[in-house]
Amino acid sequence: MWLREEFERNVACLQEWEEKVHSFVFLRTNEARKEAMREEELLAEVGEEEARRRCPLLGMTLAVKDNLCIKGMPATCGSAALKDYVPPYTATAVERALFAGAILMGKTNMDEFAMGSSTETSHWGATRNPWDCGRVPGGSSGGSAAAVAAGMARAALGTDSGGSVRQPAALCGVLGLKPTYGTISRYGLIAYASSFDEVGILARNAKDAAALLSVMQGYDGKDDTLRRKTQDAPPSFEKGVKGLRIGLLKMGQEEGLNEEVRESVQAAARRFKGAGAQVETVTIPLIEHALAVYHVLSFAQASSNLARYHGVLFGERVARGDWEEMYEATRAQYLGTEVKRRILLGTFVLSSENFSVFYRRAQSVCDALRKNFAHALERFDLLLGPTSATTAWKLGERLLNPRQMYLSDSYTIPANLAGLPAVSIPCGTDAKGLPIGMQLIAPAYREDLLFRAALAWEELSGQAQYGLRQGKERWKNMK
Amino acid sequence: MNRKIDMERLTQLAGLRLSQEERARLQTDLEEMVSCIESLTHIPEAELAETALSAYAPSDAREWLRADETEASLPLEELLQNAPLSDGAYFVVPQTVGEEKE
């Protein structure tokens with residue numbers, strides 16, 4: 001039957017790709033196979049309609065980023081500090097997805113504590129991009145993106161604080177959704193920057209992403225930033241983009257935007273226009289300061305959130321000297337350089353002499369930016385732009401240049417600052433055959449508009465399934 | 001403006017010990033990053049929002065407070081299972097308070 005066949009296709013991809021790509025830090029193929037067999041039995045017993053009513057995610061193999069806790073399974077967050085940590089509880093997002101029938105394949109690699117844009121800073125080594133194994137998959141949810149792109153799982157969970165779902169989705173040629181802040185519970189998500197951390201979805205098509213969002217969203221009593229009003233049923237999507245007002249974000253040269261990326265996004269805008277959408281160029285005042293705002297606010301929150309890794313409650317400890325010596329030695333030994341860099345800048349902006357100069361100021365700019373987005377989204381239903389300034393770069397190319405690495409997120413960060421839902425959708429390939437992603441941003445809680453445009457794009461581009469096997473030749477044909 | 005960062009004080013505040021090599025490298029990185037975030041201080045006031053403190057959630061979360069009720073927590077042994085050192089009831093840490101003087 002289809003369910004078991006699909007599962008075994010994923011396993012075959014795992015056998016073909018995992019050694020080359022290194023998406024996973026923990027695999028559970030045998031247990032997953034038993035679960036697939038149980039679902040197949042259910043399918044045979046009650047029929048597809050009833051099985052799908054009981055399990056909306058029937059047969060969906062799922063990879064989960066390693067900063068989401070699952071009881072009894074390692075959650076290392078890509079860090080030596082948590083290399084043996086086994087959480088005593090399960091994240092709400094994972095619990096709900098599994099309850100709805102998703103089949104857990106394993107935990108995926110990530111930048112240490114989700115601090116990175118290339119999945120190279122993991123304690124477990126780098127993940128590679130399946131489209132070109134000499135290149136990065138993006139990050140920090142690079143393991144999840146690569147797993148979906150290579151067909152090792154049908155969908156994956158990632159987390160997105162500054163673009164960590166959308167940017168790797170773009171670089172790996174799959175769909176990546178960051179919902180509105182306050183949509184999916186962060187209970188069981190190991191915190192990085194709490195004002196921006198969100199659970200996101202990587203998938204091969206909009207329908208799968210919508211199904212996952214539908215089962216994971218909503219109040220759970222464990223994350224007080226969650227919206228209380230929830231949708232009981234998946235939203236029904238209007239078809240096509242006819243009549244949608246799409247604002248094409250002005251694309252300057254400041255972020256090092258690659259010409260092929262620009263052309264690909266502009267071509268997508270023309271296609272949307274050709275399908276009946278109204279497309280106009282739009283600028284968001286202060287957007288050029290988003291990266292600086294994000295650095296101040298997220299690094300400050302990281303410095304506070306990561307103060308807990310001191311060798312007392314969990315994780316590793318260097319048992320040496322008094323309390324202070326133990327604390328400092330533990331952090332010195334088990335935290336990586338990028339993590340230390342962010343903790344230090346965060347500590348700097350929170351110190352008494354700098355708090356007003358930087359932290360308060362950044363909050364104020366963030367507020368203004370959010371209002372500027374709200375103003376633009378009164379005129380437009382969706383905002384369109386690139387997800388990443390470039391396609392996937394070579395492994396190691398930006399690792400020693402933090403400024404260049406941080407610029408990788410310049411197009412994704414604004415939606416995090418504004419708390420708005422955004423999706424990255426593949427829109428072509430460059431001359432090297434590497435995927436390009438476009439980003440759509442919607443008003444708060446209007447994920448239905450994102451799905452509407454994403455579904456329309458699947459028709460317009462002729463791409464019913466994103467990913468390496470499905471995409472490489474078809475994008476060529478589209479050109 | 002190129003701000004000089006006092007790494008001695010900063011590492012102490014952050015509870016981080018750095019090797020000489022790390023310290024030199026991170027000092028350069030941090031000073032470069034601080035010069036970037038200083039751009040925020042040059043934005044004219046007129047372009048900024050009136051409110052200074054943000055509530056990031058666009059949701060209705062601010063209208064709600066959790067009920068002030070005690071709930072069962074996870075079992076102690078599960079919470080202690082990841083502790084680097086425990087005595088079965090408490091986390092064990094180096095002595096933090098000196099011996100009482102008579």
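In which loop of chain A does A:Cys77 lie? I found A:Cys77 in the loop between strand S2 (61-65) and helix H3 (92-99) of chain A. Helices (H or I, at least four residues) and strands (E, at least two) are DSSP runs, numbered from the N terminus.

This is a predicted model, where local features need pLDDT of at least 70, side-chain atom pairs count only at pLDDT 80 or more, and totals for chains, interfaces and linings use all residues. Residues are numbered from 1 along each chain as its sequence is written.

I checked phi next. For A:Cys77 phi is near 60°, positive although the residue is not glycine. A:Cys77 is buried, at 1% relative accessibility (buried means under 20% relative accessible area, 1.4 Å probe, protein chains only).

A:Phe113 also has a positive phi, near 55°, and is not glycine. I located A:Phe113 in the loop between S3 and H4 of chain A. A:Phe113 is buried, with a relative accessible area of 2%.

I then looked up a cis peptide bond. One joins A:Gly139 and A:Ser140, with omega about 10°. A:Ser140 sits in the loop between strand S3 (103-108) and helix H4 (142-149) of chain A.

The axes of helix H10 (residues 337-350) of chain A and helix H2 (residues 20-37) of chain B come within 10 Å and cross at roughly 50°. Axes are lines fitted to C-alpha atoms, for helices over the stretch in contact, and angles run from 0 to 180 degrees between N-to-C directions. I noted the contact residues (heavy atoms within 4.5 Å), among them A:Leu344 and A:Phe348 of H10(A) and B:Leu30 and B:Met33 of H2(B).

Note on methods. Chains lettered and ligands numbered in written order. Heavy atoms only, no water. Buried < 20%, exposed > 50% of the residue type's maximum accessible area, 1.4 Å probe, protein only.
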